[in-house]
Amino acid sequence: MKEGSVGIVEEKNHRINKKIKLESGKKFGPIDISYETYGTLNEEKTNTILICHPLTGDAHAAGYHPGDTKPGWWDNMIGPGKAFDTEKYYIICSNVLGGCKGTTGPPSTNPKTGKPYGTDFPVVTIKDMVKVQKKLTEHLGIKKLLAVTGGSLGGMQALQWTVTYPDKVKYCIPIATTAKSSPQQIAFNEVGRRAIMSDPNWNGGNYYNQEPPKNGLALARMVGHITYLSDESMKKKFGRKLQNKKEFTYDFDINFEVESYLKYKGKTFVERFDANSYLYLTRAVDYFDLTNGENNLINTFKNINTKFLVIAITSDWLYPPYQSKEIVRALEANEIEVSYSELRSSYGHDAFLLEPGQMKHLITSFIGKITVQDVMQETTPLINKKTSIKKASKTMMENNSTHLPVTNQKGEIAGIITAWDIAKAVSEDLKELSDVMTNNVVTANPNEPIRSVINKIEKHNISALPVVDKKQKVIGTISSDVISQLITKDSPTTRTKNL
């Protein structure tokens, strides 16, 4: 499929009216959540991928808002035919708690005072952010995520999802991230915060409706941006080239192109981000530790039912590959299915935003390993062999179903009845289920590859299969409608054969 854009998108909002308990012990609310969605949620609500944004990202991950000249921050990864294919998946991206792009944060109005929270906003953690995201998925009626992913701060959120809600995520793709912040990472964040708080205009965080701490925030961004690059990428892009000069000026004005670039980055960042939010989000990153201080990552990943693809970047010195490998070793120690890949890039930490080709290959190959249990409908209505035609018809209508697995007294698969069978029974005035049901049922097992199910559907010309366990007990169904969203007809043969 040719890659395309999701086009014009709109920001959506949801309010959590009840207070939630934060990791600090404080109760906080109400909370407004800003989010965007791309693609279509399937009827079974099994095709949802949650995108978690990095430190200074937001809910606008793809497409264009009316009047925009630039698309969302991960537009090269989200859309028809892209890594996160909106022809197959329902994509959600929300602004994190503590942010400044629509979700409740320091710039939001405190209902008690009618003024912005400022530093009265409570300190929040990655776990708090994930708790709010979970509330959003519940609001949307999604019981389980097909996948959760993100880079940097987004990767921390993705990891936290699997630990806090171990049965709610089927695939996790943490990118360029860590299981806990290192002293060096905390140190860089602290320098940025001190730059902001040292600006006279910060005013203890009470700068709203007056001049904000632009210089401090710009400096914080300059320091942070250096960590997102690599020595090699800076050499290639800037070298020691002078900025609009032929020789040194022997003063402290801008001499080098790299100085001008950083100044530009700082200036443009001030125009789109809130200084207090920067303080709160970097503090959340500092506090992040999946082990909760126990320093035992192996124990942290016990009892997790998620498959992982961990991606690191070869030139990333902010979140170097060794930190991703620590995650992989801990997962392997728990015999959790995990794949590890490194992006070969000179871009540094920002490579996950700038290398869509490599990223698409890694992610589509990983998600392409989807099995029946990942997308089957688990809440399947069942009927007994002795059920009357009338009752079977009523059950089918009540559940808006076209296929009903028939079981024996032990709960084992005994047959299947379709809407066509019901129609035949009515037209011929048949009373017994056994007169119309199919006895020789084609079934699927939960660990079976999707490609295998496609072959069965095409060979037998059927549209749904009961999913049975080793004891032949029915545990769900899988339909051609769900599969058609995951694998399009114009997918390359070489790819679909590997599913």
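This is a predicted model: local features need pLDDT of at least 70, side-chain atom pairs count only at pLDDT 80 or more; totals for chains, interfaces and linings use all residues.

Reply: Residues are numbered from 1 along each chain as its sequence is written, and side-chain values use heavy atoms, with hydrogens and water left out.

Me: Why are α3 and α4 called roughly antiparallel?

Reply: Helices are DSSP runs of H or I with at least four residues, and strands are runs of E with at least two, numbered from the N terminus. The axes of α3 (residues 183-197) and α4 (residues 214-228) cross at roughly 165° and come within 7 Å. Axes are lines fitted to C-alpha atoms, for helices over the stretch in contact, and angles run from 0 to 180 degrees between N-to-C directions. Angles under 35 degrees count as roughly parallel, over 145 as roughly antiparallel, 65 to 115 as roughly perpendicular and the rest as oblique. The two helices are therefore roughly antiparallel.

Me: Which residues of α3 and α4 meet?

Reply: In α3, F188, V191, G192, A195 and I196 meet residues of α4 including L217, A220 and V223. Contact means heavy atoms within 4.5 Å.

Me: What makes β6 mostly covered?

Reply: Buried means under 20% relative accessible area, exposed over 50%, and partly exposed in between (1.4 Å probe, protein chains only). In β6 (residues 90-94), 5 of its 5 residues are buried. Y90, I92 and S94 point one way, I91 and C93 the other way, and all are buried.

Me: How do you know that β4 and β5 pair with β6?

Reply: Two strands pair if DSSP finds at least two bridges between them. For β4 (residues 31-38) and β6 there are 4 bridges, and the strands run antiparallel; T37 stands opposite I92. For β5 (residues 48-52) and β6 there are also 4 bridges, and these strands run parallel; I49 has I91 as its bridge partner.

Me: What makes a set of residues a nonpolar core?

Reply: Such a core is a set of buried Ala, Val, Leu, Ile, Met, Phe, Trp, Tyr and Cys residues joined through side-chain atoms within 4.5 Å. The largest here has 68 residues, and L97, V148, F301 and F308 have the most contacts inside it. Helix α7 (residues 275-287) gives the most to this core, with 7 residues.
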